[in-house]
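Q: I'd like to go through this structure with you before I set anything up. Can we start with the charged side chains and work outwards from there?

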Amino acid sequence: MSCFKATRGLFWDVLCNFVPRSDDEDDTRGGTQTPRDLSKGFEDCEILSELLCTYNYDLKKVLPEYTRRRQKDAEIICDSARATFNVMKLHTSKKFLLRSQLDNLLNKMFPRSWIVLNTEVTFSKTPYSQCFARKQKQDKILSTMVWSAVIVGFCFAVSIFARL
């Protein structure tokens, strides 16, 4: 029997029948829920199950360790929800569309090193914190590339006007 199945009796004794809520009820989740959040939700279950087996179901040891391991990812999930909201708010802006196209182009050119955040979060077991750290590094690289292009363009324009 797997550890996950063994934990069933710890929290409930019978199968739960979850009834969908109506649309007018409050959502108790702390952030904006997206499809990738739904796919990553099982990561919490896996880690909790692993810790329950490791610490022989001693909740006094399991819960602090679970909190220690998941705190950073929980903060990143909240940041991701906020970022998703901002993207949804600005999804038609030219800047967002250009960035999205540039991300996809770089991903096609460098598929192992340039990974689009949504793709990495949805289709990998990489923790949110690592996905977000990669995204921040990619943002710095893009920012440096854009400013470099602006400076080169400015220098080129100055050299052309200086010849006139």
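Q: Is Arg-99 buried, exposed or partly exposed?
A: In this predicted model, Arg-99 counts as partly exposed, because its relative accessibility is 23%.

Q: And which salt bridge does Arg-99 form with Asp-103, I mean how far apart are the closest N and O atoms?
A: The closest N and O atoms of Arg-99 and Asp-103 are 3.0 Å apart. The two residues are 4 residues apart in helix 5, so about one helical turn separates them. Asp-103 is buried, with a relative accessible area of 10%, a value that falls under the 20% limit used for that class.

Q: What about Arg-99 and Asp-139, what is the N to O distance there?
A: The side chains of Arg-99 and Asp-139 also meet in a salt bridge, at 2.7 Å from N to O. Since Arg-99 lies in helix 5 and Asp-139 in helix 7, this pair ties together parts that are 40 residues apart in sequence. Asp-139 counts as partly exposed, with a relative accessibility of 28%.

Q: How many salt bridges does the count come to?
A: The count comes to 10 salt bridges. One of them joins Arg-82 and Asp-79, with the closest N and O atoms 3.2 Å apart.

Q: Where do Arg-82 and Asp-79 sit relative to each other?
A: They are 3 residues apart in helix 4, which covers residues 59-89, so the separation is about one helical turn. Arg-82 is exposed at a relative accessible area of 51%, whereas Asp-79 counts as partly exposed at 30% relative accessibility.

Q: Changing topic, which residues make up the largest nonpolar core?
A: That core has 6 residues, namely Ile-76, Leu-117, Val-121, Tyr-128, Cys-131 and Phe-132. Helix 6 (117-123) and helix 7 (128-163) are the elements that give two or more residues to this core, and helix 7 gives the most, with 3 residues.

Q: What does Leu-117 touch?
A: Not counting residues up to four places away in sequence, Leu-117 touches Cys-131, Phe-132 and Lys-135.

Q: Where does UniProt place the transmembrane region?
A: The UniProt record, an unreviewed entry, places the feature "transmembrane region" at residues 141-162. In the model that span is 100% helix and 0% strand, and its end C-alpha atoms lie 31 Å apart.

Q: Which residues form a nonpolar patch on the surface?
A: Leu-105, Met-109 and Phe-110 form such a patch, with about 300 Å² of accessible area together. Met-109 lies in helix 5, which covers residues 94-109.

Q: And for the protein overall, how many helices and strands are there?
A: The protein has 7 helices and 0 strands. Buried residues make up 20% of its 164 residues, and the accessible surface comes to about 12900 Å², with 63% of that area belonging to carbon and sulfur atoms.

Q: Last one, what share of the contacts join residues at least 24 apart?
A: Taking the contacts between residues at least 6 apart in sequence, 56% join residues at least 24 apart.

How values were computed: Residues numbered from 1 in each chain as written. Predicted model: local features only at pLDDT ≥ 70, side-chain atom pairs only at ≥ 80, totals over all residues. Heavy atoms only, no water. UniProt positions renumbered as here; feature names shortened; annotations may be inferred. Core = buried A, V, L, I, M, F, W, Y, C linked by side-chain atoms within 4.5 Å. Buried < 20%, exposed > 50% of the residue type's maximum accessible area, 1.4 Å probe, protein only. Contact = heavy atoms within 4.5 Å. Areas by Shrake-Rupley, 256 points an atom, 1.4 Å probe, with all protein chains shown as cover. Patch = residues over 30% accessible without salt bridge, like charges linked within 9 Å, V, L, I, M, F, W, Y side chains within 5 Å. Salt bridge = Lys/Arg side-chain N within 4 Å of Asp/Glu carboxyl O.
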